[in-house]
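These are my notebook entries on one structure. I set down what I looked up, entry by entry.

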Amino acid sequence: MTSFEEIRCLPTLIGVLSRQGIKKATPVQEQAIPVVRSGRDAIVQAQTGTGKTLAFLVPLLERIKGNIPVVQALVVSPTRELAMQTARVVKPLAEAVGIHTALVYGGQDIERQKDKLRQKPQLIIATPGRLLDHLRRRSVDLSQVNKIVLDEADEMLDMGFRDDIETILAEVPEERQTMLFSATMPKPILDITRK
């Protein structure tokens, strides 16, 4: 396995990962981090538990401009549990590099989320339904998003989120980096990638 130093990750992030006992990149991280960091679109297929979350979070955090108080990156997850898990992983990393984040999911007080969104996060982690709620209420502006991750894209399509995803994608600029992370690549996901 390759170290995070060898794939040229930000020293601040390497320090946080090291303190968490994460010293070596998994194969998916080793392959995906340089591609995501380059700004190219990416389709990453790897089984659950292989480290996909860090494979997109580390290079996203390296590319977000902490001095610009607008939403620059969006991670869309199919379930509240996965969104919460991603938020837990990103929190110490984002704090270390001065990036503000917001977690947006159904079942939590929407007014509290609106307060968090008013604090100008640069990275939002969201479930599709609640993100659409915020778009309808105009409590979130995605017009400056230039990086979007569809996490567990296969699950989102299985759960019937395709229309929601297409609505969300229509709200972000066409000039963006789009990344799909998935355990499997069924035909509907491949169809979305063509779009």
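Which exposed residues does the face of helix 1 turned away from its buried side carry? I found Pro11 and Arg19 there. I take exposed as over 50% relative accessible area, buried as under 20% and partly exposed as in between, with a 1.4 Å probe and protein chains only.

Basis of the entries. I am working with a predicted model, in which local features need pLDDT of at least 70 and side-chain atom pairs count only at pLDDT 80 or more, while totals for chains, interfaces and linings use all residues. Residues are numbered from 1 along each chain as its sequence is written, and side-chain values use heavy atoms, with hydrogens and water left out.

Entry on helix 1. Helices (H or I, at least four residues) and strands (E, at least two) are DSSP runs numbered from the N terminus. In helix 1, residues 11-19, I noted Leu13, Ile14, Val16 and Leu17 as buried. The buried residues line one face of helix 1, because they fall within an arc of 160 degrees when seen down its axis; the arc is taken from the directions from the helix axis to the C-beta atoms. I then looked up what covers these buried residues, and the cover includes helix 3 (52-63) and helix 4 (80-97).

Entry on aromatic pairs. Rings of Phe, Tyr and Trp (its six-membered ring) pair if their centres lie within 6.5 Å; planes under 30 degrees apart count as stacked, over 60 as edge-to-face and the rest as tilted. Phenylalanine 56 and phenylalanine 181 form an edge-to-face pair, at 5.0 Å centre to centre and 65 degrees between the planes. Phenylalanine 56 lies in helix 3 and phenylalanine 181 in strand 8 (residues 177-182), so the pair ties together parts that are 125 residues apart in sequence. I noted both phenylalanine 56 and phenylalanine 181 as buried.

Entry on lysine 24. I located lysine 24 in strand 2 (residues 24-25). Lysine 24 is partly exposed, at 42% relative accessible area. From lysine 24 to serine 3 I read 4.4 Å, C-alpha to C-alpha, although the two are 21 residues apart in sequence. Leaving aside residues up to four places away in sequence, lysine 24 touches Met1, Thr2, Ser3, Phe4 and Gln29, where contact means heavy atoms within 4.5 Å.
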